[in-house]
Amino acid sequence: MAPAKRSLILVLCFLAPVLFSAVPWLRAASGQGRLLAATPPMGWNDWAHYQCGFTAQAILSNARALVKTGLAARGYNTVTIDDCWMLKDRNASGNLQADPQRFPQGMKAVAGAIHALGLKFGIYEDAGSATCGRFAGSGQPQGGGKDHFLKDARLFASWGVDYLKLDGCNVYAPPGSSQEAAYRKAYAAESAALKAVGRPIVFSESAPAYFQGTPEWYDVLTWVRLYGQLWREGSDMANFNAGNPNRSRFRSVLWNYAYNLPLGRFQKPGNWNDADFIIGGDGGMSLAESRSQLALWSMMSAPLILSSDVGKLSPQAIAILGNRAVIAIDQDPLGRMATLVRRSPDVDVLFKALADGDDAVAALDRSAAPVQVDLRPSEFGFAANAACRMDARNLWTGAVQSAVAALHARIAAHDTAIWRIRPSAACGRPARKGTIVMTTTSRRRDVEDYTRCLSAAGRVEACAGDAGESWIVTPGGALQSSDARCLVAAKSGPVLAACRPVPAQRWRYTLKGNLINAADRQCLTAAGPARKTQSLKLQPCEDNQPNQIWSLPN
Ligand code: GAL
């Protein structure tokens, strides 16, 4: 062998182990370029079932149960330890310390055991001086001073953390700073810290939840997407109560669904609205209610994070939570939020386009009695012609129907029917069709009370679920009613008139949720007391004015 060639081989032999040892680092670094959480995160978290009543043993037995039940293989792969894992004080070097009573072996050992099961490891911290349970937070102390975002991120990376939930209790706002600015600064600092530690860590932000019901909510919802992959926008799912294990928790499921559904414009692959935990299968949830939660969360592409005692889930509950076809709706690469096709006092109908040209349809019975639903493809925006047929698979029963003209189902109280449909060529592609809703600032936490529907009668009213509340948003930005008239900015205000391609019939939809008229640049506004039937007006657009914020078909 020529000496030059031999020395090249020698150099390569010498470099190989060095290069090889750098592979994980290279992988991690390149992971930052890849889209984190390209589909909604899935996993398990202790909070809604255990609150602070857990030890390493409970965490690990749930992790093992995820594997044993097959739920991990279905995608529930990230085990997150919520609040109360740490002590109230930091150690002499300023680091967080895992509570030795709960974690006698320390946190790195728990992370290792979770990784050894083939799962990912998530942890909870807080953007303020203390967590909600008053344990050591990562944020600035009250009164000002140094935060610990980078220090804590380094510690988490050294433990092998893959997912961080950063809560928002006790955030300090210095004099002269708004609450919103203080939150933004803290969440931006955590995001920068996570980038700096060179490990891909999915970042879940709780910031919006601290502004729910205030005008700043919409400001926060516009910036969280810059820093993390998912965010909690609102109140918690009802916790399991061991003293009263069968106390119904379905109302909290409906409320979280209600506030999450109108936020479709904020989400896309890599950025998810988080409607909070899947408590289906746990105490206080019937099987019908558990089906509803999984179906609704999947229609919304919401994160699927179980919070229950996995080892105690019934075989029926495991079958529901592990339903591959429903999970595939959640994990669809398009990541669309469902459109609210209609909302009557009893029933919600949802529609969502999927990446492969199929679509998903769901119908929720919110009432306490069974209902019959009959759904035609024209309701979802497909051509209203007799040749439009659908192949449909009922995702709970697996029953397949070919070339049907409509979907029919009898839905039990609190249950949700869900189908995957393939429309025939004659159906065409669906128009953006469904309700145009405004949300209220009511504190009743009730689906019906939370939304008001725009009606073709030119007003905003309690949603009734009739054809007058069905709109098509055309590609040109017109809002077309079901009787084929368009909303136009007339001198007297917004009225319905024959559709024409004029600026007064074009509405620009903003991320904040305003509908701005192209002719007079004013905002579509609901006028009059919020609880009553409201008329429509055009008014200058104000920042986050609730009666100017609309949710459109997605
Ligand atoms: C709440 C949060 C819950 C849980 C709890 C811990 O703010 O929404 O999911 O993390 O804090 O104290």
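**Disulfides, a helix and a ligand**

C453 and C463 are both buried, meaning under 20% relative accessible area, with exposed over 50% and partly exposed in between (1.4 Å probe, protein chains only). C453 lies in strand β19 (residues 451-455) and C463 in the loop between β20 (459-462) and β21 (471-473), so their pairing ties together parts ten residues apart in sequence. Strands (E, at least two residues) and helices (H or I, at least four) are DSSP runs, numbered from the N terminus. The two cysteines form a disulfide with sulfur atoms 2.2 Å apart; the criterion is a pair of cysteine sulfur atoms within 2.5 Å.

Please keep in mind that this is a predicted model, where local features need pLDDT of at least 70, side-chain atom pairs count only at pLDDT 80 or more, and totals for chains, interfaces and linings use all residues. Residues are numbered from 1 along each chain as its sequence is written, and side-chain values use heavy atoms, leaving out hydrogens and water.

The structure holds six disulfides. Another of them joins C52 to C84, S to S 1.9 Å. Here C84 is buried at 0% relative accessible area, while C52 is partly exposed at 30%.

Now turn to helix α9 (residues 250-260): ten of its eleven residues are buried, so the helix is largely enclosed by the rest of the structure. Among the buried ones are F250, W255 and Y259.

Finally, look at the ligand. Its surroundings include W47, Y124, D167, R232 and D236, where a residue is near if one of its heavy atoms lies within 4 Å. An N or O atom in the D236 side chain is 2.5 Å from a ligand oxygen atom.

Methods: Polar contact = N/O pair within 3.5 Å; in protein donor to acceptor, adjacent residues only side chain to side chain.
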